[in-house]
Amino acid sequence: MFQNYFPYELVGPIKRYSHKLINFFYPYIHISFAEYDGDGDGGDDYFERSHAYAAIKRYLNAHSTNQARRLRANVVGDDDAAVVLTMANHEEVTDEFNGVKLWWSSGETIPSTQTISWGPREAEKRYFSLTFHRRFRDTICGEYLRHVLEEGKAIAVKERRRKLYTNSKGSESDYFSRRRSLWSNVAFDHPATFRTLAMDPDKKKEIVDDLLNFSESKDYYKSVGKAWKRGYLLHGPPGTGKSTMIAAMANLLEYDVYDLELTAVKDNTELRKLLIDTSGKSIIVIEDIDCSLDLTGQREKKKEQEDGGGDKKKDEEKDALKEKLKKLEEKKPSEVTLSGLLNFIDGLWSACGGERIIVFTTNYVEKLDPALIRRGRMDKHIELSYCGFEAFKVLAKNYLDVEHHDLYFRKIRQLLEETSMTPADVAENLMPKLRGEDKESCLERLVKALEEAKTKAEEEEKLKAEKLAKQDTQIPLGSKEHA
């Protein structure tokens with residue numbers, strides 16, 4: 001009615017002066033806390049979750065949920081499932097601080113029809129609103145808000161449930177519609193610990209000490225001018241426990257895990273946004289980095305091409321690489337570059353969040369670009385090799401609850417020194433296959449498996465030697481090939 005009876009030119013000034021008049025008599029102040037920081041202009045700050053909103057939500061859930069008449073229920077946990085109640089939208093509760101009464105309400109804004117096409121998730125712009133009398137402004141804006149944020153953080157630490165995240169596949173064009181789904185997650189309940197990890201005890205202690213030292217060195221990193229992060233490169237044959245090592249690291253430090261799939265990242269810009277959306281106290285993992293993208297060893301290949309050298313085998317490898325690149329281009333692969341990945345690990349954006357560990361795993365460390373794994377990016381290189389006797393003793397304790405056996409342990413120690421078997425294969429042979437199978441049967445099965453592996457390796461060596469000898473007899477003596 002107001003807009004219909006007043007000219008359009010007068011609507012703005014009338015509204016402005018009417019607000020001033022109302023504010024002159026209205027004694028209350030309102031403060032809003034949006035779920036996402038920023039003003040919605042599309043900048044990166046708009047997509048960073050508000051720590052204040054999360055802390056207020058936890059505080060209200062703990063102190064004021066019993067007052068609300070309309071609640072939202074979420075079920076958390078698996079075996080011991082629990083129902084967590086939160087305030088529904090447009091619900092109001094009261095709180096009191098040092099004799100001052102104030103009101104909290106929750107709400108959401110629905111965007112106009114022009115922005116609904118961005119996606120259903122964009123429709124939810126939640127916020128909390130705090131109302132109090134203006135004469136208590138200094139008390140509320142200072143002491144009370146500080147009290148709410150600190151208590152909310154304390155509740156988060158107490159109730160923290162660690163998660164395993166993975167990035168969603170998508171393009172830049174639909175980024176705004178999925179701003180809340182950059183990472184999807186499940187509860188992280190992996191049982192691996194350093195106590196059950198099969199590796200040399202001295203090496204295990206060295207890694208544990210390094211991790212604990214990192215987690216307690218916030219002030220030291222700040223004093224030397226370095227971002228509070230650390231890189232670990234885990235390399236070794238398949239089945240040597242690289243993924244289990246990551247789970248043990250997360251359980252030791254109580255960190256979340258972000259499993260980053262590089263092939264699902266469109267370009268360097270999206271990679272940076274994924275980094276922004278991770279939290280502190282986390283491990284960012286890129287498994288099989290040598291297979292994730294064609295970005296390893298690029299400078300070495302370029303140098304070889306510039307030198308113009310290469311035998312027939314190298315030419316064949318180059319042709320195979322070109323064919324592989326052609327197929328990848330047809331599939332529109334990720335445009336993440338080596339430079340973008342290096343900036344992700346060690347650039348200016350890598351300091352966002354703090355207290356972060358970056359882990360690369362690979363089966364073939366020699367394939368990686370030296371710039372990718374140099375000290376300062378991958379600070380600690382950990383080789384996870386074939387199973388040794390000390391690692392076997394850990395597995396025997398884990399799977400059979402056996403710490404010593406006069407007959408089998410001596411035999412197994414000798415065989416492990418003479419042949420190569422991964423901890424995964426050793427564990428598989430130790431695991432009881434039948435209900436009620438005794439420990440000696442499991443140890444006997446491992447001995448047989450090691451003997452078979454030893455025989456097979458000897459046969460392969462023999463065939464290889466015969467093949468080389470045959471090739472030598474076919475090459476004329478004194479020829480260039482013979483030399």
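Tutor: A residue counts as exposed when its relative accessible area is over 50%, as buried when the figure is under 20%, and as partly exposed in between. Keep in mind that this is a predicted model.

Student: Okay, so what makes Asn98 buried or exposed?

Tutor: Its relative accessibility is 57%, and the cut-off is over 50%, so Asn98 counts as exposed. Asn98 belongs to the loop between strand E4 (92-97) and strand E5 (100-109).

Student: What is phi of Asn98 near?

Tutor: Phi is near 55° there, a positive value in a residue other than glycine. Most residues other than glycine have a negative phi. Lys281 also has a positive phi, of about 55°, although it is not a glycine. Lys281 is in the loop between helix H9 (268-276) and E11.

Student: Now Arg230 in strand E9. How do you know whether Arg230 is buried or exposed?

Tutor: The relative accessible area of Arg230 is 17%, and the cut-off is under 20%, so Arg230 is buried.

Student: What joins the side chains of Arg230 and Asp210?

Tutor: A polar contact of 2.9 Å joins them. The limit for such a pair of N or O atoms is 3.5 Å, and 2.9 Å falls within it. Leaving aside neighbours within four places in sequence, the residues in contact with Arg230 include Asp210, Phe214, Tyr221 and Asp379.

Student: Which residues of H3 are buried, and why do they end up on the same side?

Tutor: The buried ones are Tyr53, Ala55, Ile56, Tyr59 and Leu60. They cover an arc of only 165° around the axis, so they sit on the same side of H3. An α-helix has 3.6 residues a turn, so residues three or four places apart point the same way. The face of H3 turned away from the buried side carries exposed His51 and Ala62. At the start of H3, a side-chain oxygen of Ser50 comes within 3.4 Å of the backbone nitrogen of Ala52.

Student: What makes up the largest nonpolar core?

Tutor: That core has 28 residues, and those with the most contacts inside it include Phe194, Leu211, Met245 and Met249. Its largest share, 7 residues, comes from H8. Beyond four places in sequence, Met249 is in contact with Phe194, Leu211, Tyr232, Ile283, Ile357 and Val359. A second, separate core of 27 residues includes Tyr165, Tyr258, Leu271 and Ala371.

Student: Why are strand E7 (residues 163-167) and strand E8 (residues 183-187) called paired?

Tutor: Pairing needs at least two bridges, and 5 join E7 to E8, so they pair; the two run antiparallel. Asn167 stands opposite Trp183 in E8.

Student: How many bridges link E7 and strand E10 (residues 256-259), and in which sense?

Tutor: There are 3, in the parallel sense. Thr166 has Asp259 as its bridge partner in E10.

Technical notes
Residues are numbered from 1 along each chain as its sequence is written. This is a predicted model: local features need pLDDT of at least 70, side-chain atom pairs count only at pLDDT 80 or more; totals for chains, interfaces and linings use all residues. Side-chain values use heavy atoms; hydrogens and water are left out. Buried means under 20% relative accessible area, exposed over 50%, partly exposed in between (1.4 Å probe, protein chains only). Helices (H or I, at least four residues) and strands (E, at least two) are DSSP runs, numbered from the N terminus. The arc is that of the directions from the helix axis to the C-beta atoms. A polar contact is a pair of N or O atoms within 3.5 Å; within protein, one must be able to donate a hydrogen and the other to accept it, and residues adjacent in sequence count only if both atoms are side-chain atoms. A nonpolar core is a set of buried Ala, Val, Leu, Ile, Met, Phe, Trp, Tyr and Cys residues joined through side-chain atoms within 4.5 Å. Contact means heavy atoms within 4.5 Å.
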